[in-house]
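Let's walk through this model together, one feature at a time. Keep the sequence and the 3D view side by side as you read.

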Amino acid sequence: MTQNTVEGLANRLRGRVVRPTDADYDRVRAVWNGMVDKRPALIVRCAGTSDVLEAVRHARARGLPVAVRGGGHNVSGAAVCDDGLVVDLTPMRGVRVDPAAGTVRADGGVTIGDLDRETQAFGLAVPMGVVTETGIAGLTLGGGLGWLRRKYGLSCDDLISADVVTADGRVVAAESDPELMWALKGGGGNFGVVTSFEFRAHPVGPEVFFAQVIHAGRDARSALRAYREWAAAAPDEISSFAILWHGPPDEAVPAEHHGAPIVVFAALHSGSPREGEEALRPLRAIGTPIADLSAASSYLEVQRFFDEDYPAHVMRYYWKSRYLTGLPDELIDVLVELNEAAPSPHSTLDVWQLGGAFARVGAQDTAFGDRSAPFLLGIEANWEDPADDEACIAWARRVHAAAAPFSTGAEYLNFPGLYEDADRTVRDTFGANLDRLAAVKRRYDPDNLFRFTHNIRPS
């Protein structure tokens, strides 16, 4: 690239080009995961779809690698790349709610927090993730699991339409091509840059009931066995977690449990607070908790519940997952022992309750694939010191391997580690849907320009 070609690109934009010599380069290239340190040649801060078109055409004409950044809450680091061009959608934050139709249109740089604030003004919500700094784009294209998963399904299940900038520099309305629309529902960022999403929204809140119950590590096995039985009969309005963790230095946790293994039950009931309190009573009655912080809360507060545990740019993160065929006693023993062995007290093993609306979508109905697993195991290595990188990553991989005999073989691709062994992971996760996805990829990106997420090869 010459200075003239870069200046020519900059002059065609409403947004701006950020180069390594610019004062804000380091700030703009940073993503949420503090472990990621990539140096793109250019970052195009897009003000609208026309800027995305210019960026993609520029990169393609010059053979530059292309990464796409939505909200930038990017655990794998795929939102940026070394020596290539980053299509940065961060400035594109428009949200428009149509309360009469029960729909919402959101730009590609919108975060969950942005979307929630606008939809809750009308008593509506779209199923999204559980950390509000997460961008809706990557989340939705990878599926999108959150607090409403058992009542209203995945984020991608409520996707109605999308505008996509393709590798050959066109804008396509995805709903005009049923195969492309199908592929966007869990197939990732393989098919182009999605600049606008339209979702179906549902009546939720503004007040809900949220259960947060903490058990001592010594009671972890019995608590998890009881949780397994409770989860099997819980109504769809409830979506819950069992989180193996170490007690934080928080006044809500008795001091003798600070830094010691604990189990946290966290659950949202999406109906009225009165109904939720009654429905969640059996979960709160399990065992003898060391703390019960359950209460009526605003939906917005529940959505922010995990935020302070995941600070941007400071912590280092490596996340993997396994869809589980069940939660047998043998696996509970493994999880309890590995939680106790975690090298960082910030790391967690999260058992996501599945089923409900999530499970009633057929394996071929969306690219996301099979949904028969009753639980998802989220393996979160979270730590602060770069000196601990090797130990924390090794611990997460140890958990991932230990859980394999209890899993379907598939993984939640929004928790991809660092995309190591990516071809196998894609094959095992998409299964029978992979050939169909590859056919869509061949039509829209035959040269594999968009390849930094869970890559589906065009051949």
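Asp26 is partly exposed, with a relative accessible area of 46%; here buried means under 20% relative accessible area, exposed over 50%, and partly exposed in between, using a 1.4 Å probe and protein chains only. Its salt-bridge partner is Arg29, and the closest N and O atoms of the two lie 2.8 Å apart. A salt bridge is counted when a side-chain nitrogen of Lys or Arg is within 4 Å of a carboxyl oxygen of Asp or Glu. Arg29 itself is buried, at a relative accessible area of 12%. Both belong to helix 2 (residues 25–29), and because they are 3 residues apart, about one helical turn separates them. Helices (H or I, at least four residues) and strands (E, at least two) are DSSP runs, numbered from the N terminus.

A word on the ground rules: this is a predicted model, where local features need pLDDT of at least 70, side-chain atom pairs count only at pLDDT 80 or more, and totals for chains, interfaces and linings use all residues. Residues are numbered from 1 along each chain as its sequence is written, and side-chain values use heavy atoms, with hydrogens and water left out.

How many salt bridges does a search of the whole structure find? The search returns 35. Side chains of opposite charge can pair when their charged atoms come close.

Next, look at Arg424 and Glu411, whose side chains meet in a salt bridge of 3.5 Å, N to O. Arg424 lies in helix 14 (residues 422–430), while Glu411 is 13 residues away in the loop between helix 13 and helix 14. Arg424 is partly exposed at 22% relative accessible area, whereas Glu411 counts as buried at 3%. The two also belong to a network of salt bridges that links Lys320, Arg397, Glu411, Glu420, Asp421, Arg424 and Asp428.

Strand 8 (residues 159–165) runs antiparallel to strand 9, joined by 3 bridges. In one of these, Val165 has Val171 of strand 9 as its bridge partner.

Note on methods. Two strands pair if DSSP finds at least two bridges between them.
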